[in-house]
Structures are given as structure tokens and as C-alpha cells.
Amino acid sequence: MIATPPHGEDVVYQEGQLHAQVIDRAEHVRQMVEVWESIRGEALSHQQSLELVTEVAETWT
């Protein structure tokens, strides 16, 4: 999760199976934001996602 507090820099909350951590080191936060934006750039739009889920669900019945 990337959080932007009202006053301050972005921080990242990262959760795993055994632990969670808050990352506030600017370089690491920047890298994680870049990765997130890259993933978002490949994602379908909300409408396209709904259409795909509907299409796949219809093949299961």
C-alpha cells in the first residue's frame, strides 16, 4: 500500500506472510511507486475488467 499523508512524503506499507513493515526511505519508496505505476499501466480499465470477468464466468457454467 502506498500512502500519502496530509503533511509529508509517501510511505509504503508492505505485508508478508510472517511480518509487515512501513518503508519510508525515499529511494525505496520511489522504486516501489515506479513498479506500481508499471503494473497499473498494464492493467485493464475497470470496465474492461468487468467485461472479462463476465465473459470468463459465462464459460464456467
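Two strands count as paired if DSSP finds at least two bridges between them. Keep that in mind for the sheet. And keep in mind that this is a predicted model.

So, the sheet. It is open, it has 3 strands, and the order is β1-β2-β3 with antiparallel pairing. β1 and β3 stand at the edges, each with a single partner strand, so one side of each is left without a neighbour in the sheet.

Take the pairs one at a time. β1 covers residues 2–3, and β2 covers residues 11–15. They run antiparallel, and 2 bridges join them. Which residues are involved? Ile2 has Val12 in β2 as its bridge partner. Ala3 has Val11 in β2.

Next pair. β3 covers residues 20–23. It is joined to β2 by 4 bridges, and again the two run antiparallel. Glu15 stands opposite Ala20 in β3. β2 and β3 make a hairpin, with 4 residues between them.

Buried or exposed? At 57% relative accessibility, Val22 counts as exposed, because the cut-off for exposed is over 50%. What does Val22 touch, leaving out residues up to four places away in sequence? Val11, Val12 and Tyr13. Now compare Val22 with Met1. They are 21 residues apart in sequence, and their C-alpha atoms are 9.4 Å apart in space.

On to the helix. α1 spans residues 26–42. It lies across β1, β2 and β3. Its angle to β2 is about 70°.

The salt bridges come next. How many does a search of the whole structure find? The search finds 2.

Here is one of them. The side chains of Arg30 and Glu34 meet at 2.9 Å, N to O. Both residues lie in α1, 4 residues apart, about one turn of the helix. How accessible are they? Glu34 is partly exposed, with a relative accessible area of 47%. Arg30 is partly exposed too, at 43%.

Here is the other. The side chains of Glu37 and Arg40 meet at 3.5 Å, N to O. These two also lie in α1, 3 residues apart, again about one turn of the helix. Glu37 is partly exposed, with a relative accessible area of 39%. Arg40, at 52% relative accessibility, counts as exposed. Why does Arg40 get that label? Because exposed means over 50%, and Arg40 has 52%.

Last item, the surface. There is a nonpolar patch. Which residues form it? Ile2, Val35, Trp36 and Ile39. Together they have about 380 Å² of accessible area. The largest share, 3 residues, comes from α1. Ile39 is one of the residues in that helix.

To recap. The sheet runs β1-β2-β3, with antiparallel pairing. The β2 and β3 strands form a hairpin. α1 lies across β1, β2 and β3. The salt bridges number 2. One joins Glu34 and Arg30, and one joins Glu37 and Arg40. The nonpolar patch has about 380 Å² of accessible area. That's it from me.

Note on methods. Residues are numbered from 1 along each chain as its sequence is written. This is a predicted model: local features need pLDDT of at least 70, side-chain atom pairs count only at pLDDT 80 or more; totals for chains, interfaces and linings use all residues. Side-chain values use heavy atoms; hydrogens and water are left out. Patches are made of residues with over 30% relative accessible area and no salt bridge: like charges are joined within 9 Å, nonpolar side chains (Val, Leu, Ile, Met, Phe, Trp, Tyr) within 5 Å. Accessible areas come from the Shrake-Rupley method with a 1.4 Å probe; for residues, only the protein chains shown count as cover. A salt bridge is a side-chain nitrogen of Lys or Arg within 4 Å of a carboxyl oxygen of Asp or Glu. Contact means heavy atoms within 4.5 Å. Axes are lines fitted to C-alpha atoms, for helices over the stretch in contact, and angles run from 0 to 180 degrees between N-to-C directions. Buried means under 20% relative accessible area, exposed over 50%, partly exposed in between (1.4 Å probe, protein chains only).
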